[in-house]
Structure formats: structure tokens, C-alpha cells
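Open the model in your viewer and keep the sequence panel beside it. This tour tells you what to select at each stop.

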Amino acid sequence: MVEEFEYKRATIEDIDELVRTRIVVLRAANKLSDDVDMSVVEQESYAYYKRALEIGEHIAYLVYDNGTFIGAGGVSFYQVMPTYHNPSGKKAYIMNMYTAPEYRRQGIAFHTLDLLVKDAKEQDVLHIALEATDMGRPLYERYGFVKMEDEMELRRSSK
């Protein structure tokens, strides 16, 4: 099944497709209608991809079925202070995982995730995180991701 699809590592030439996909993912994850203005997010996403792809802070895969876009996934790399458990301080964050509805449950997201994790490990990144939707959680758990109990987040509305 998975072998019949093309998994293309995105380049700078794919920015428009990456931005379009990002907006699709955000609309789906946040249950936003098509009439919600995403122009600022589009502009910022374009700037992010342009910079991050050029300097290697982001890797993305686009998935095609006979030239038709059907899925995507990305990983962003960042640096934090070294710790005992992460002496290099290198971290990665999986994001923008998407499979077109009619192609779901065929292993596409799992294979895309596997490519991203392997790319992160090739860069000696051992700490890989992601934010899971209810729909995506079983996939990530099957791959080996576990829910974190120790992290906290200050939400924008808190202060």
C-alpha cells in the first residue's frame, strides 16, 4: 500500500505547497471554516519555511498519489540548554501531519512519521515531541510516543 505513493522530501521550491498544507492542517485541527481569515498565518508560515528550509531547521515530506497531493508531515529542530538527559540540548518537534481523508488508514501517516523520526535521529536528536489530536493519538502511541506528565505551559490568556 504505502509503496505505491511518492514521498518527496520538500525543498525551497515546495514552499507554496507546504504553506497550503499548513493552512489545511490548522483548519482541520482547530475546526475552522474556510471563511476564517488565515492570511497572516499564511504569510508567517511562508517566511518560516523560507528561513527554516534554507538553514536546515525544518524537514518536511509531501506525499503524492500519481501527482495528486495526499499527505504531509514535518519536523522542526531547535536547541535548548543541555541537560543530564539531553546533553546536546538538541530537540525536534513533529508537526503538520496530514493525510487526505480518502487516504487515511493506509499507513501513509505512519510511514511519513517514520521518515521524520529517522531524519531527526540522523541529526543526533534524541528528544522528539509532538502535539496529538484525538484522531492522531493512536498512530503516535503505536509508533512509541508516550504522553508526558511533567510539562506545563503558560497560556496566552493566563496573565
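## First stop: Ile12

Select Ile12: this residue is partly exposed, with a relative accessible area of 32%. Buried here means under 20% relative accessible area, exposed means over 50%, and partly exposed lies in between (1.4 Å probe, protein chains only). Ile12 sits in the loop between β1 and α1 (15-29). Helices (H or I, at least four residues) and strands (E, at least two) are DSSP runs, numbered from the N terminus.

Before moving on, note what you are looking at. This is a predicted model, in which local features need pLDDT of at least 70, side-chain atom pairs count only at pLDDT 80 or more, and totals for chains, interfaces and linings use all residues. Residues are numbered from 1 along each chain as its sequence is written, and side-chain values use heavy atoms, with hydrogens and water left out.

Now show what Ile12 touches. Not counting residues up to four places away in sequence, the list is Tyr49, Lys50, Leu53 and Glu54. A contact means heavy atoms within 4.5 Å. Ile12 and Arg22 are 10 residues apart in sequence, and their C-alpha atoms are 15 Å apart in space.

## Second stop: Tyr49

Move to Tyr49, in helix α2 (residues 39-55). Is Tyr49 buried or exposed? Tyr49 counts as buried, at 3% relative accessibility.

Which residues does Tyr49 touch, not counting those up to four places away in sequence? They are Ile12, Ile15, Leu18, Val19, Arg22, Glu54, His58 and Asn96. Next, pick the C-alpha atoms of Tyr49 and Thr11. These residues are 38 apart along the chain, and the two atoms are separated by 9.5 Å.

From the Tyr49 contact list, follow His58 into strand β2 (residues 58-65), where eight of the eight residues are buried. Colour the strand by face. In a regular strand the side chains alternate between the two faces of the sheet. On one side of β2 are His58, Ala60, Leu62 and Tyr64. On the other are Ile59, Tyr61, Val63 and Asp65. Both faces are covered.

Look at the neighbours of β2. Two strands pair if DSSP finds at least two bridges between them.

- Strand β1 (residues 6-9) pairs with β2 in the antiparallel sense over four bridges. Select Lys8: its bridge partner in β2 is Leu62.
- Strand β3 (residues 68-79) also runs antiparallel to β2, joined by eight bridges. Select Tyr61: its bridge partner in β3 is Gly73.

Zoom in on the turn of the β2 and β3 hairpin, with two residues between the strands. Asn66 in that turn has a positive phi of about 50°.

Go to Asn96, another residue on the Tyr49 contact list. Asn96 is in strand β4 (residues 90-99). At 7% relative accessibility, Asn96 counts as buried. Check its backbone: phi is near 60°, a positive value in a residue other than glycine. Most residues other than glycine have a negative phi.

Now bring in β5 (127-130). How do β4 and β5 pair? They pair in the parallel sense, over four bridges. Ala92 stands opposite Ile128 in β5. Ile128 and Leu130 form the covered face of β5, while His127 and Ala129 form the uncovered one.

Step back to Asp124, in the loop between α3 (108-122) and β5. Phi of Asp124 is near 60°, again a positive value in a residue other than glycine. Asp124 is exposed, with a relative accessible area of 54%.

## Last stop: the whole chain

Zoom out. The protein has four helices and five strands. From the N terminus on, they run β-α-α-β-β-β-α-β-α. The radius of gyration is 16 Å, close to the 15 Å that the globule rule gives for 159 residues, so the protein is as compact as a globular protein of that length. The radius is taken over C-alpha atoms; the rule is 2.2 Å times the number of residues to the power 0.38. Along its principal axes, the C-alpha trace spans about 45 × 40 × 35 Å.

Colour by burial: buried residues make up 38% of the 159. Then show contacts with a separation of 6 or more: residues 24 or more positions apart account for 60% of them.
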